[in-house]
Amino acid sequence: MYRERADRDRLYRRSAPSASVLRTVSTRERRSPLSAPRVPTVGIDIGGTKVMGGVVDADGHILEQVRAETPEKSKSPKVVEDTIAELVLDLSDRHDVHAVGIGAAGWVDADRSRVLFAPHLAWRDEPLKDALTARLAVPVMVDNDANTAAWGEWRFGAGRGEDNLVMITLGTGIGGAILENGQVKRGKYGVAGEFGHMQVVPGGHRCPCGNRGCWEQYSSGNALVREARELAVAESPVAYGLIERVGGHISEITGPLITELARDGDAMCTELLQDIGHWLGVGIANLAAALDPGGFVIGGGVSAADELLIDPAREAFKRHLTGRGYRPEATIAKAQLGPEAGMVGAADLARLVARRFRRANRRRLERYERYERAADNLRRAVGQ
């Protein structure tokens with residue numbers, strides 16, 4: 001009896017998978033994204049005003065896209081989860097979805113499972129990945145929206161061919177992401193890339209983060225609008241064209257309007273964009289000194305100003321670059337995927353999760369089959 005039990009234990013130990021196999025599964029993302037399964041996945045981009053979702057194929061093409069308004073900040077996290085689930089289930093009615101990637105405007109932990117903090121949503125240490133995985137029954141990946149946008153641009157947009165890349169997103173504030181050797185660098189705690197809160201002007205404008213002189217107070221959509229409204233409130237002669245355009249309603253001055261007037265030749269609006277571009281270049285020079293990437297990609301709503309913004313940024317970058325004239329200069333390019341970059345990147349990162357999910361399922365099946373063979377062998381041996 002004891003001999004039979006010992007034989008059974010030896011057979012099961014011999015058939016059990018080694019720990020090294022499990023460790024290999026957990027690090028699969030370090031392999032090339034080109035080896036990910038070519039299956040459709042859903043990307044979700046969550047911002048302060050909208051939730052955008054789309055089915056994306058393995059070449060970065062959007063097969064279908066839907067959107068909904070972001071629930072109010074005061075509502076519970078479950079309301080936002082309901083919105084995401086409804087979009088995914090709607091798309092699943094017409095497409096074979098294998099995984100879901102989510103780009104959230106907030107801090108996501110290093111395991112990409114919890115949203116630590118989202119300024120526009122009621123998420124505080126929210127276990128978003130587990131909550132949505134349970135509801136959707138497919139693998140779910142959660143990441144910061146700047147990381148997903150950078151990944152999308154690296155795979156399918158302006159960052160193709162450059163494995164050491166920094167993306168800067170200019171919206172109401174400044175976000176960013178770092179790719180090194182084709183991998184998103186999230187930092188130990190998952191919150192790398194918060195470039196907007198680098199100090200560029202000691203004792204400068206107060207930032208909502210609590211500090212003064214943050215980069216986003218000088219180069220962002222908020223900075224652009226603030227400067228324009230201050231000139232309008234002071235009834236500066238250079239602002240007459242802008243004041244007339246909004247009929248004296250200063251609160252109606254927006255970033256897109258300033259860009260539109262600059263394109264039409266308004267001198268003040270052009271100058272404001274040049275100022276924003278100058279500070280953009282100063283910050284990029286600081287990042288180049290710290291990170292030494294091969295290229296910078298500029299995205300976000302403010303980047304719609306194109307060369308009105310990018311040209312002054314390039315000039316300031318060259319002027320402030322450490323060791324200028326004696327080192328290679330990184331390229332500065334506008335993002336190509338537009339507002340869909342985060343959605344496309346999230347879907348592509350989810351494809352890597354789908355690969356690991358498939359491998360894990362296959363290994364579980366193989367392990368089960370080995371156990372069954374071992375049990376059959378044991379039964380035959382006992383029967384003899």
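Buried means under 20% relative accessible area, exposed over 50%, and partly exposed in between. The exercises below concern a predicted model.

**Exercise 1.** Determine whether Asp143 and its partner Arg186 are buried or exposed, and state what their contact ties together.

*Solution.*
Step 1. Asp143 has a relative accessibility of 2%, so this residue counts as buried.
Step 2. For Arg186 the relative accessible area is 12%, and Arg186 is therefore buried.
Step 3. A salt bridge joins the side chains of Arg186 and Asp143, at 2.7 Å from N to O.
Step 4. Asp143 belongs to strand β8 (residues 140-144) and Arg186 to the loop between β11 (183-184) and α6 (221-233), so the pair ties together parts that are 43 residues apart in sequence.

**Exercise 2.** Explain how Lys78 and Asp82 are placed in helix α3.

*Solution.*
Step 1. The side chains of Lys78 and Asp82 form a salt bridge, 3.2 Å from N to O.
Step 2. Helix α3 spans residues 77-92, and the two residues are 4 apart within it, which means that about one helical turn separates Lys78 from Asp82.
Step 3. Lys78 is partly exposed, because its relative accessibility is 49%.

**Exercise 3.** Locate the partners Asp306 and Arg263 in the chain.

*Solution.*
Step 1. In the salt bridge between Asp306 and Arg263, the closest N and O atoms are 3.2 Å apart.
Step 2. Asp306 is in the loop between β12 (295-299) and α10 (307-320), whereas Arg263 is in helix α8 (residues 255-263); the pair links distant parts of the chain, 43 residues apart.
Step 3. Asp306 is partly exposed at 24% relative accessible area, and Arg263 is partly exposed at 47% relative accessibility.

Key
Residues are numbered from 1 along each chain as its sequence is written. This is a predicted model: local features need pLDDT of at least 70, side-chain atom pairs count only at pLDDT 80 or more; totals for chains, interfaces and linings use all residues. Side-chain values use heavy atoms; hydrogens and water are left out. A salt bridge is a side-chain nitrogen of Lys or Arg within 4 Å of a carboxyl oxygen of Asp or Glu. Buried means under 20% relative accessible area, exposed over 50%, partly exposed in between (1.4 Å probe, protein chains only).
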